[in-house]
Protein chains: 2
Amino acid sequence: MDGMGQGSTSDGWQDVRRSGFARRVALAEARGRLAGLLRPTGTERVALGQAAGRVTATAVVAPRHVPAHSVALIDGYALSAAATYGADTYNPLPIAGAVEVVAGMQMPPDTDVVLPYAALTDTQGAIEVVEPAAPGQGIAAVGSFWREGGIVLPAGRPLSGLDLVCAAAAGVAEVEVVRQPEVRLLVRGDKSGMPVPDFLSELISRDGGATLADVSDLRSTLREIGAADLVLVVGRTGCGGDDDSAPLLADVGTVTVHGLALAPGGSAGCGAVDGVPVVLLPGDPLACLAAYELLAGPALRRLAGLPEALPHPFRERRLGGKIASQVGTTELWLVRDAGDEVVPLAPPERATLAHAAQASGFVLVALESEGHDAGETVLVHLLRPGP
Amino acid sequence: MDGMGQGSTSDGWQDVRRSGFARRVALAEARGRLAGLLRPTGTERVALGQAAGRVTATAVVAPRHVPAHSVALIDGYALSAAATYGADTYNPLPIAGAVEVVAGMQMPPDTDVVLPYAALTDTQGAIEVVEPAAPGQGIAAVGSFWREGGIVLPAGRPLSGLDLVCAAAAGVAEVEVVRQPEVRLLVRGDKSGMPVPDFLSELISRDGGATLADVSDLRSTLREIGAADLVLVVGRTGCGGDDDSAPLLADVGTVTVHGLALAPGGSAGCGAVDGVPVVLLPGDPLACLAAYELLAGPALRRLAGLPEALPHPFRERRLGGKIASQVGTTELWLVRDAGDEVVPLAPPERATLAHAAQASGFVLVALESEGHDAGETVLVHLLRPGP
């Protein structure tokens, strides 16, 4: 309401309590401003056994040729290909120097091929071949996996179990990874009677971060902020009389954005205290989810060395109902799966947890878009495994 | 080799050591036989706080109407819509009984609408409206999220953090979930010089299972098997002289399948001991990966109450090279991302960890297929986040 609740300012920030957002910042602009507040995360070396889920900071290279000597790839007999020349079913050739090997074994001297048991006949204890073998068949030559100094894994790779097996196979013992960003999560009192959004730790982990135990008081959290790479404050971001998260941030630091052209999640914001970036997320679960995924998540993924794009699996799907979106606001529409198509569940301002529970994913409607007609193909970001 | 190493049989099983697989079972047939060995996992009730990642065994229903009374959805003033009728910008109406509310608060008596601060003017302390409001605006009516007994989450839902928030919002305190399948993982000696496949715990967790500490000796593991829902034995499945996993299983239990029409992974198998299903996975990492994903994984997901289909995100991509596949074998081809298309890395029998390290995903070539020509569109299952 005019003339009410206009408090301290911070970089042009205005207190919106009991008045409302006079202006809202476009999502792309807000993301850019938040990105400008981030500090480089740094790197560290960790043993392979501790590296699962971490992100490589530099390319992982092979310390030596792999394999270091030629090895059998299959079980069977090692022999010299030259000894098989001229063999056919009418002219089986006995092989005197054949040596039984199992996969992985170093090749015996003067052998260059491994033939499987099925390719051999055993006549009264003598090995015979019935067709000529090509040199190199059934073996891995020196350096055929990786040459010394060759790239095993690129920089920026989130390390899966399979990646770690590859690195171990290459003789790598430790890797240089991005230091894991520490995210201080402060969930403020639940004013709404709805449960506080306790899904954030799961998303923080997904996005490469480690959640630090939260502290109950925002003012002291913001003062003890030094240890964190990112602070997420959840709740009290709106324009009610008790929505004091932004005012407190303005008091001890800087509010860079408050109010996004985003629905749900329009009361989100960001700023910094002592150089530590702070994201303000709404307390309403769906608004919190949208603001996390579209503002905080990309920032955290950038800190973690991961791609900033949404990490959800996505599909192109036919839209089974109209999405009427407000021009000038980025909108997140929950949709449910309905066989051949997806159906929008509710406009952002009317969507509730009851819709979230039914949703298979969401559609993002761009700032300038009026939405989509039924029958259009839209990109659906999946909230859970499914079609 | 003919006449060599023919040992004990088990349901028609033949020892393949030092001879080779005389016949191989189609993947679909092997899956069916393994499914026939599984025992129902059962269910248990757990508190919501312990339910993350678990799979609902029955639908979660609302124990009462939610919300239990009508509540404000936004911050602002609660009032009676009737009091606003006739208001316009030339005729602002003062509202005497307006009550300031914050989102989530129970609606005061005799109010049926919440107007945001921005919709009101405050003239000398009196609230005025300049347009009529519709009853129900800005509020959530009794039972508008969920009616008592209504379904909040369906059976078979793997519970995300957001799902748990929904359930908590519905007043649910505990949920009936599928008991988590216990998977006993026995990685046998590394005969190949390559690292043992230590990526399986990650995949077991992804597929809803809990990995039990492995025991070093296969014979004793198979005898102490009672506690597990599924046993995975890794290694010694081939036809080398030391490949005794299947013979040991035949000795203490039953070998139902040994030898799959699958590449890589053709030496995999399955069976049971004392009613506990056992899957034999090859020790070679790529063969192990293929056999896990296509044989063991679907069985574990079924035990966990999850869909049996591959859980990887997938994309349709243009193929930038030929895939020549052997008819009669299901083949898994690793592919790498190359901008507009994906390029096959190596035929299954020649693919190594060096290819796995570069791969963005894999293409499955069906049993009867001769493969795909360059330029065809194929379904790529992604091994990591990416295009």
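Me: What ipTM does the model score, and what is the average pLDDT of chain A?
Reply: The structure is a predicted model, with a pTM of 0.92. In chain A, 93% of the residues score at least 70. The average pLDDT of chain A is 90, and the ipTM is 0.91.

Me: Over which residues of chain A is the pLDDT below 50?
Reply: Where pLDDT is low, the predicted coordinates should not be read in detail. The stretch in question has 20 contacts in the model beyond near neighbours in sequence. The pLDDT is below 50 over residues 1-9 of chain A.

Me: How much area do chain A and chain B bury between them?
Reply: The contact involves 55 residues of chain A and 55 residues of chain B. Carbon and sulfur atoms account for 66% of the buried area. Between them, the two chains bury about 4700 Å².

Me: How many salt bridges are counted between chain A and chain B?
Reply: One salt bridge pairs the side chains of Asp163(A) and Arg384(B), at 3.0 Å from N to O. For salt bridges between chain A and chain B, the count is four.

Me: Which element gives the most to the side of chain A that touches chain B?
Reply: The elements that give two or more residues to this side are strand 8 (120-123), strand 11 (151-153), helix 2 (161-169), helix 6 (285-304), strand 20 (314-319) and helix 7 (353-358) of chain A. The residues of this side divide into 32 nonpolar, 10 polar and 13 charged. With seven residues, the element that gives the most is helix 2 of chain A.

Me: Which residues are in contact with Ala52(A), leaving aside its neighbours within four places in sequence?
Reply: Ala52(A) lies in the loop between strand 1 (43-47) and strand 2 (60-61) of chain A. With a relative accessible area of 48%, Ala52(A) is partly exposed. The C-alpha atom of Ala52(A) is separated by 22 Å from that of Leu230(A), 178 residues apart along the chain. Leaving aside those neighbours, the residues in contact with Ala52(A) are Leu159(A) and Leu164(A).

Note on methods
Residues numbered from 1 in each chain as written. Chains lettered and ligands numbered in written order. Predicted model: local features only at pLDDT ≥ 70, side-chain atom pairs only at ≥ 80, totals over all residues. Heavy atoms only, no water. Contact = heavy atoms within 4.5 Å. Buried area = accessible area lost by both parts, 1.4 Å probe. Helix = DSSP H or I, 4+ residues; strand = E, 2+ residues; numbered from the N terminus. Nonpolar A, V, L, I, M, F, W, Y, C, P; charged D, E, K, R; others polar. pLDDT = per-residue confidence, 0-100. Buried < 20%, exposed > 50% of the residue type's maximum accessible area, 1.4 Å probe, protein only.
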